[in-house]
Every structure is written in C-alpha cells, then in structure tokens.
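Good morning, colleagues. Please take a moment with the sequence and the view on the screen.

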Amino acid sequence: MTLRPPQASSSSTTARIAALDYEIAQEQVSALGRMGRALEAALAALAEYDRSHGAKDSGAKDAARARLVRDASDALWCFMVQREAFGLRDPRPVIRDYRVPTEVYNRMGAFGRR
C-alpha cells in the first residue's frame, strides 16, 4: 500500500485533518507490518521446534510446544484484528499465505490464564 502525504488545500482546518488522517493511516500500515512479522516469527519458532523434535506426537503434550502454539495463535489473533481494522475480514488468504497450522488457527482468540 502506498500512502501519499496530503496536498495543501485552501482551508487550514482541512489540511490539518488530512495530515492527521495520513498519520493515522501510516500507523495502521506500520502496525499491520509489525503484526505480520510477529506472526511469521511465531510460526517459524513453532516449525523449528517441530523440526528439531521430530514429528508431532498427537498423544504427547509438550509444555514448550504448547507455549509456542499459544504464542503463534495469539500472534495470529493480533494480526487478524489489525487486518479487520482495514476491512479485510476473510481469514483464508492469511491461513493460506502464512501456512498457519490448523491447531494454531483453531486456538486463535482463546486466551487462558497467563
């Protein structure tokens, strides 16, 4: 997304409002980028853990892995909320493009005791 600074207008009030809108849009885009990078990092940490500890054993619940799944699902939730602020409500492109595991997606938005 390319943002351009507002052009000068005849009304100083209009120019100030346009400048504020521009700054808000910049921060929204910046926040979306931060959330996307956090999601990528959380998913990478989970994938690395799974690679280094072998295939997932459906019967075994590892506390370290559970924490990584929780962190990834929290990052996914934050990213989805930020996307929704832009009006992007369909989660399918995110799930597909970031290759989000089903267990992470299913846990998204479930906050337990910390």
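I shall begin with the chain as a whole and then turn to its helices, its ring pair, its salt bridges and its surface.

Please bear in mind throughout that this is a predicted model. The chain contains four helices and zero strands, and read from the N terminus its elements follow the order α-α-α-α. Of its 114 residues, 22% count as buried. Among contacts with a separation of 6 or more, 62% are made by residues 24 or more positions apart. The chain exposes about 8000 Å², and carbon and sulfur atoms supply 54% of that area.

Let us turn to helix H1, which covers residues 12–52. How far apart are the end C-alpha atoms of helix H1, and what span should its 41 residues give? At 1.5 Å a residue the helix should span 60 Å, and the end C-alpha atoms are 60 Å apart, so the two values agree. Several residues of H1 are buried, including Tyr-22, Ala-31, Gly-36, Leu-43, Tyr-49 and Asp-50. The buried residues of this helix pack against H2, H3 and H4. After H1 comes Gly-54, which has a positive phi, near 80°.

I move on to the aromatic rings. A search of the whole structure finds one aromatic pair. The partners are Phe-79 and Tyr-98, arranged edge-to-face, with 5.4 Å from centre to centre and 65° between the planes. Phe-79 belongs to helix H2, while Tyr-98 sits in the loop between helix H3 (92–97) and helix H4 (102–107), so the pair ties together parts that are 19 residues apart in sequence. Are these two residues buried or partly exposed? Phe-79 has 6% relative accessibility and therefore counts as buried, the cut-off being under 20%. Tyr-98, at 24% relative accessibility, counts as partly exposed.

The next topic is charge. How many salt bridges does a search of the whole structure find? The search finds nine, and I shall present three of them.

In one of these, Asp-50 pairs with Arg-65, and the closest N and O atoms are 2.6 Å apart. This pair links distant parts of the chain, since Asp-50 is in helix H1 and Arg-65 is in helix H2, 15 residues apart. Asp-50 and Arg-65 are both buried.

Another salt bridge joins the side chains of Asp-71 and Arg-67, at 3.5 Å from N to O. Both residues lie in helix H2, four residues apart, about one turn of the helix. Asp-71 is partly exposed, with a relative accessible area of 29%, and Arg-67 is likewise partly exposed, at 40%.

The side chains of Arg-96 and Asp-97 also meet in a salt bridge, at 3.2 Å from N to O. Arg-96 and Asp-97 are both exposed. Elsewhere, salt bridges that share partners join Asp-50, Arg-65 and Glu-103 into one network.

Finally, I come to the surface. Which residues form a nonpolar patch there? Trp-77, Val-81 and Phe-111 do, with about 270 Å² of accessible area together. Val-81 is found in helix H2, which spans residues 63–85. This valine is partly exposed, with a relative accessible area of 39%.

Thank you for your attention.

How values were computed:
Residues are numbered from 1 along each chain as its sequence is written. This is a predicted model: local features need pLDDT of at least 70, side-chain atom pairs count only at pLDDT 80 or more; totals for chains, interfaces and linings use all residues. Side-chain values use heavy atoms; hydrogens and water are left out. Patches are made of residues with over 30% relative accessible area and no salt bridge: like charges are joined within 9 Å, nonpolar side chains (Val, Leu, Ile, Met, Phe, Trp, Tyr) within 5 Å. Accessible areas come from the Shrake-Rupley method with a 1.4 Å probe; for residues, only the protein chains shown count as cover. A salt bridge is a side-chain nitrogen of Lys or Arg within 4 Å of a carboxyl oxygen of Asp or Glu. Helices (H or I, at least four residues) and strands (E, at least two) are DSSP runs, numbered from the N terminus. Buried means under 20% relative accessible area, exposed over 50%, partly exposed in between (1.4 Å probe, protein chains only). Contact means heavy atoms within 4.5 Å. Rings of Phe, Tyr and Trp (its six-membered ring) pair if their centres lie within 6.5 Å; planes under 30 degrees apart count as stacked, over 60 as edge-to-face and the rest as tilted. The expected span of a helix is 1.5 Å times one less than its number of residues.
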